[in-house]
Amino acid sequence: MTCDRNPDIPMLRGPVPLSHLFIRRFIREGDRVVDATCGNGNDTLLLAELVGSGGRVWAFDIQQQAISRTSARLSQAGLDDRVETVLAGHEAMAEHVAGAVSLVVFNLGYLPGGLRIVITRPETSLAGLMQSLEILKPGGILLVTVYPGHDGAAGEQQVVESWTAGLDQRFFHAWRMGQTNANPTAPYLLLVQKAV
Ligand SMILES: C[S@@+](CC[C@H](N)C(=O)[O-])C[C@H]1O[C@@H](n2cnc3c(N)ncnc32)[C@H](O)[C@@H]1O
């Protein structure tokens with residue numbers, strides 16, 4: 001998301017554009033990365049562009065609708081050659097992703113424009129997050145956008161937050177970034193870097 005008047009200036013309207021700043025700063029051409037909740041494909045498209053033709057992106061979602069939307073957008077952009085879409089939960093990440101990755105991104109909650117009853121859940125999110133740290137290479141980052149506002153979000157928020165807060169500082173740098181001049185239920189960003 002950029003400024004309408006000057007497309008070179010990123011506009012930080014919420015945690016997703018903030019996560020995209022980190023994505024742009026940390027990804028190099030040729031990298032291997034994961035979109036753990038591809039949804040409408042916004043993050044997957046950015047990842048596919050940044051890793052280049054020599055890179056690899058794994059994009060997970062449990063809904064066929066999300067996988068179809070993401071695949072259509074990728075082929076429209078000519079970026080489908082480097083992306084493996086996976087119709088499975090991110091709790092099965094380690095089974096599908098081969099080798100170490102430099103970045104994993106999660107966008108919790110429900111599919112915008114889709115069914116609001118299909119949401120990410122505490123147990124499966126936690127399993128996917130734990131596997132992410134296993135497959136991250138040193139210096140790599142995990143980004144998680146948390147949406148506290150919807151039904152069923154509170155339990156997941158609590159589980160995810162206490163998990164990041166308990167990570168050993170010797171091995172991980174964990175951050176929480178929220179907008180101070182927003183509603184208390186506004187979404188925010190968690191970032192975990194694996195120490196080198
Ligand atoms: C907020 S949306 C993601 C938005 C997406 N990042 C985008 O750019 O459009 C959350 C997505 O998580 C998916 N989801 C729910 N549980 C999941 C799971 N266990 N594994 C993978 N995806 C899951 C939902 O189907 C939904 O599409």
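**His-20**

I started with His-20 and found its place in helix α1, residues 15-26. Helices here are DSSP runs of H or I with at least four residues, strands are runs of E with at least two, and both are numbered from the N terminus. Before going on I noted that this is a predicted model: local features need pLDDT of at least 70, side-chain atom pairs count only at pLDDT 80 or more, and totals for chains, interfaces and linings use all residues. Residues are numbered from 1 along each chain as its sequence is written, and side-chain values use heavy atoms, with hydrogens and water left out.

Is His-20 buried or exposed? His-20 counts as buried because its relative accessibility is 15%; the cut-offs are under 20% for buried, over 50% for exposed and partly exposed in between, with a 1.4 Å probe and protein chains only. Setting aside neighbours within four places in sequence, I found His-20 in contact with Asp-43 and Leu-46, contact being heavy atoms within 4.5 Å.

**Ligand**

From Asp-43 I moved on to the ligand: a polar side-chain atom of Asp-43 lies 3.2 Å from one of the ligand's nitrogen atoms. Gln-63 puts a polar side-chain atom 2.8 Å from a ligand oxygen atom. For His-90, a backbone N or O atom lies 2.9 Å from a nitrogen atom of the ligand. The ligand taken alone exposes 610 Å², and the protein buries 96% of that; these areas are Shrake-Rupley values with a 1.4 Å probe.

**Helix α3**

Next I looked up α3, residues 64-77, which has 14 residues and reaches 20 Å from its first C-alpha to its last. Which residues of α3 are buried? I got Ala-66, Ile-67, Thr-70 and Leu-74. After α3 comes Gly-78, with a positive phi near 70°.

**Met-177**

Last I checked Met-177, in strand β6 (residues 172-177). Leaving out neighbours within four places in sequence, its contacts are Leu-18, Phe-22, Tyr-188, Leu-189 and Leu-191.

Terms used
The expected span of a helix is 1.5 Å times one less than its number of residues. A polar contact is a pair of N or O atoms within 3.5 Å; within protein, one must be able to donate a hydrogen and the other to accept it, and residues adjacent in sequence count only if both atoms are side-chain atoms.
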